[in-house]
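This briefing is for a reader meeting the structure for the first time. Please look over the sequence and the model before going on to the notes, which are grouped by topic.

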Amino acid sequence: MRLLEFQAKRILAQHDIPVPKSVLLTSTTDTAKLTLPAVLKAQVPLGGRGKAGGIRVVEGAEEAAAVAAELFNLVIRGHTVQVILAEEKTEILNEIYLAVLYDKRANVPMVMASTAGGVDIEQVAKETPERIVKKHIDPFIGLQPYTIRYLARALGIDDLASFDAIVRQMFAVLRGYDATLVEINPLAVTPSEFTALDAKMVLDDKAAFRHAELFVALREEQEKLDKKELTLAEQLAKKGDMTYVLLDGDIGLIADGAGTGMLALDLVRDAGGHPANFCEMGGLADAETMCQSIEVVLANPNVKALLITLIGGLTRMDHMADGIVQYLQQHEAPVPMVIRMCGTQEKVGKATLQQAGMDTFDDLPEAVQAVVRLAKAK
Amino acid sequence: MAILIDENTRGLVQGITGAVGSFQTKIMKEYGTKVVAGVTPGKGGMEVYGIPVYDFVEEAVARYEIDAAFGFVPARFAKDAALEVIDAGTPLLVLTAEGVPDQDMLTIINYAAAKGTTVVGPDTPGVVSPGKCKLGVHPNRVLLEGHVGVLSKSGALSYEVCKTLTENGIGQSTIVGIGGGPFWGLSQEAVLSMFEDDPETNAVVMLGEVGGTMEQQAAAFIAQHMTKPVVALIVGRAAPEGAQMGHAGAIIEGKEGTATAKIEALKQAGAHIAYRPSDIPHIIKKLGA
């Protein structure tokens, strides 16, 4: 879960990392509360907000109200702006990039820093990689003072004590909140101290069980404040156990593995078909997940034919067949279905489907050809 | 020979008393795998298909030589279960759990490295050396003993490819599921290196997918170190950017993560590119491997 900027800053502030004084605006009338000049920032969980016109500096009260009204009418990549973070303008001497995250190659935490703050770090990495400093943190000894001293020297920082506290707290947040990224970009050097001008924080959804209340509270807050238009299929998928990605074609796809789900996508496209979605049920799918997945995929009115491709290891074909039959008992199948079934308990699964009047394919390319043909015929 | 496991491997199953653990243990045993002990906390003293169950890994290790542990433990308990296995000095750990927190995975990987345990996974269907040993949940009908090594991020995709190989009479030396990421105990590069050194493997099939840069690292390894032919299939050519495609690691962020970039890197490295499973038997037959 990527947090909204103000959520990330609230956590940083709780850990004594300085952030600008701010108020949250949910309507244009709230602008009366502002200390001017101020920076108005649309709260959407996306990069490139500034370029999309989501960050504006305002000097006077009338301007503030007008700009706030414009921002509330802004839609950034499907996200309508529901809340604005209004911050007091900070006097900036210098801007630094600072992040703690995990190095996926070395399998250890690391601190990443650059004197090129305030810009897209990917761009810095590509164009001037020498401006990025990376230091690994050995998980057995944790973050040590010499690492922070090294970074401070590389960044030309004089106030070592304040910098040390910020890096330490960022690392504590990474570990303590099961974050996968804690990024301050830029960290402003001001005449008096450091200030986190923008913050990005990504929490590891897989660790939600350790932070039940906190993660739920953050998500609920976000859902209230970040409205994204979802189709019926996407809404249903959010409640289920499957991964669903909406695409713009007319062939519905369901697979019992991520790799075979992507393979089905590629094969359908290669055969001249147009996938309507990607849907993967995960290794531990049961009959209920199977039934729900069909409901999700067929909630998309563009779907003209459905391909269910199953090759079970952990997933049991007897359970999958039960799920398909359960769907057919509860609904009138609105589109033709092509089922490829193979693997663990396939004999039982195929027999169950046969009894329900459903034939199955064993060969995936043949099943793909069949579904593409059916979609084109409709 | 084969890699990681063979006919002499003695396995321990963690979570053996659960519905999935006991069902899959039965299938592994029927396949001929030597499952000598099981562990489930609080269930010590039970038996599952004649296999004794212990409360602790160290109790099992005190009684039997254990070469490999196979875990059917839910993600939230995976760290504890894995560290217990590593602490007991088990040389190989296969971690099936999907959804292990990143932080836990890093603790497991670093502790395993310090203690000398090889970790396969997480989110893996396991490892099979057909005809010898199966520490995995792969459907038996797709397996055939032979000389092609298979490594895959995706379990189901490896079944799909092995089905095609087997139906074309091409057997496999070992099939390794490395898991869906975004962190891996064994990388593609590490498994390629094992296959390169294995006298029973003549060629390798590598199944990759969108997201991350592991395939590029594998390509660099292929270019520098592999003398055996590598056939590579990368799925997700039709995947959109920025969407999580089922696996935690399968998300295209930037050009390097696209299937096109990975295919290009592997092609440059001298790998033979397959675009669909049915291409693979043709390529292997042509290579005479």
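Why does the distance between the end C-alpha atoms of helix α6 (residues 212-225) of chain A agree with the span that its 14 residues should have? At 1.5 Å a residue the helix should span 20 Å, and its end C-alpha atoms are 20 Å apart, so the two values agree. This is a predicted model, and the predictor gives the complex an ipTM of 0.93 and a pTM of 0.92. In chain B the mean pLDDT is 95, with 100% of the residues reaching 70 or more.

**Chain A as a whole**

- Chain A contains 12 helices and 18 strands, and its C-alpha atoms fill a box of roughly 75 × 55 × 40 Å when this is taken along the principal axes.
- Of the 378 residues in chain A, 46% are buried.
- When contacts in chain A between residues at least 6 apart in sequence are considered, 70% of them join residues at least 24 apart.
- The chain is divided into domain 1 (21-88), domain 2 (94-222) and domain 3 (232-377), and the centres of domain 2 of chain A and domain 3 of chain A, taken over C-alpha atoms, are separated by 42 Å.

**Strand β10 of chain A and its partners**

- Strand β10 (residues 179-189) of chain A is mostly covered, with 10 of its 11 residues buried.
- Strand β7 (residues 94-103) of chain A pairs with β10(A) in the antiparallel sense over seven bridges, and in this pairing A:Ile96 stands opposite A:Leu187.
- Strand β12 (residues 199-203) of chain A is also an antiparallel partner of β10(A), with five bridges between them, and here A:Leu181 stands opposite A:Val202.
- Strand β11 (residues 194-196) of chain A runs antiparallel to β10(A) and is joined to it by three bridges, with A:Ala188 opposite A:Thr195.

**Two helices of chain A**

- Helix α6 of chain A is hardly covered, since the count of buried residues among its 14 residues is one.
- Helix α10 (residues 317-330) of chain A has 14 residues and reaches 20 Å from its first C-alpha to its last, which is close to the 20 Å expected at 1.5 Å a residue.
- The buried residues of α10(A) are A:Met317, A:His319, A:Met320, A:Ala321, A:Asp322, A:Gly323 and A:Ile324.

**Domains of chain B**

- The domain assignment of chain B gives domain 1 (10-120) and domain 2 (138-287), whose C-alpha centres lie 26 Å apart.
- Between these two domains of chain B, 10 residues of domain 1 are in contact with seven residues of domain 2.
- On the side of domain 1 of chain B that touches domain 2 of chain B, α4 and β7 (118-120) of chain B each supply at least two residues, and the largest share, five residues, comes from α4(B).
- By class, that side of domain 1 of chain B has eight nonpolar, one polar and one charged residues.

**Strand β13 of chain B**

- Strand β13 (residues 230-235) of chain B is largely enclosed by the rest of the structure, because six of its six residues are buried.
- From β13(B), B:Val230, B:Ala232 and B:Ile234 point one way while B:Val231, B:Leu233 and B:Val235 point the other way, and all of them are buried.
- Strands β12(B) and β13(B) run parallel and are joined by six bridges, with B:Val205 standing opposite B:Val231.

**Where the chains meet**

- At the interface, 47 residues of chain B are in contact with 42 residues of chain A.
- The elements of chain B that give two or more residues to the side touching chain A are α3 (75-87), α4 (102-115), α5 (155-167) and β12 (203-209).
- The residues on the side of chain B that touches chain A divide into 22 nonpolar, 16 polar and nine charged.

Technical notes:
Residues numbered from 1 in each chain as written. Chains lettered and ligands numbered in written order. Predicted model: local features only at pLDDT ≥ 70, side-chain atom pairs only at ≥ 80, totals over all residues. Helix = DSSP H or I, 4+ residues; strand = E, 2+ residues; numbered from the N terminus. Nonpolar A, V, L, I, M, F, W, Y, C, P; charged D, E, K, R; others polar. Domains from an automatic or database assignment. Buried ≥ 20, exposed ≤ 12 C-beta atoms within 10 Å, placed from the backbone. Pairing = 2+ DSSP bridges. Expected span 1.5 Å × (residues − 1). pLDDT = per-residue confidence, 0-100.
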